[in-house]
Amino acid sequence: MSSEIFKVIEVVGTSPKGVDAAIQAAISKANEAIRNMRWFEVVETRGHIENGAVGHFQVTLKIGFTLD
């Protein structure tokens, strides 16, 4: 039986378009530097308020990837 070993990093994605766009931005950018990404977990959601409205969303993710 084979097993996989994962390393976990934490990143924060931001977007004025919404939470989903912030998640996509974080994963896309992490993919430029990290191989073998397998899963993510949203651990925190917050945002920035500008002039009484949501200016942008911030989403903290844990991303798991397998080690070579």
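**Close-up views of a predicted model**

View 1. Trp39 is partly exposed, its relative accessible area being 34%. The model is predicted. Trp39 belongs to strand β2, which covers residues 37-50. Together with Phe6 and Val8, Trp39 makes up a nonpolar surface patch. The accessible area of these three residues comes to about 260 Å².

**View 2. Strands β1 and β3.** Strand β1 spans residues 6-15. Strand β3 spans residues 53-66. The two run antiparallel and are joined by 10 bridges.

**View 3. Strands β2 and β3, with their turn.** Strand β3 also pairs with β2, again in the antiparallel sense, over 12 bridges. Here Thr45 has Val59 of β3 as its bridge partner. The two strands form a hairpin with 2 residues between them. Asn51 sits in the turn and has a positive phi of about 55 degrees. In a regular strand, side chains alternate between the two faces of the sheet.

**View 4. The Asp68–Arg35 salt bridge.** The structure holds 3 salt bridges, and this view shows the one between Asp68 and Arg35. Their closest N and O atoms are 2.1 Å apart. The pair links distant parts of the chain, 33 residues apart. Asp68 lies in the segment after β3, and Arg35 lies in the loop between α1 (19-31) and β2. Both Asp68 and Arg35 are exposed.

**View 5. The Lys29–Glu32 salt bridge.** The side chains of Lys29 and Glu32 meet in a salt bridge, with an N to O distance of 3.3 Å. Lys29 is exposed. Glu32 is exposed as well. Side chains of opposite charge can pair when their charged atoms come close.

**View 6. The Glu44–Arg46 salt bridge.** Glu44 and Arg46 form a salt bridge. The closest N and O atoms are 2.9 Å apart. Glu44 counts as partly exposed, at 40% relative accessibility. Arg46 also counts as partly exposed, at 32%. Neither is called exposed, because that label needs over 50% relative accessible area, and the values are 40% for Glu44 and 32% for Arg46.

Methods:
Residues are numbered from 1 along each chain as its sequence is written. This is a predicted model: local features need pLDDT of at least 70, side-chain atom pairs count only at pLDDT 80 or more; totals for chains, interfaces and linings use all residues. Side-chain values use heavy atoms; hydrogens and water are left out. Patches are made of residues with over 30% relative accessible area and no salt bridge: like charges are joined within 9 Å, nonpolar side chains (Val, Leu, Ile, Met, Phe, Trp, Tyr) within 5 Å. Accessible areas come from the Shrake-Rupley method with a 1.4 Å probe; for residues, only the protein chains shown count as cover. A salt bridge is a side-chain nitrogen of Lys or Arg within 4 Å of a carboxyl oxygen of Asp or Glu. Helices (H or I, at least four residues) and strands (E, at least two) are DSSP runs, numbered from the N terminus. Buried means under 20% relative accessible area, exposed over 50%, partly exposed in between (1.4 Å probe, protein chains only). Two strands pair if DSSP finds at least two bridges between them.
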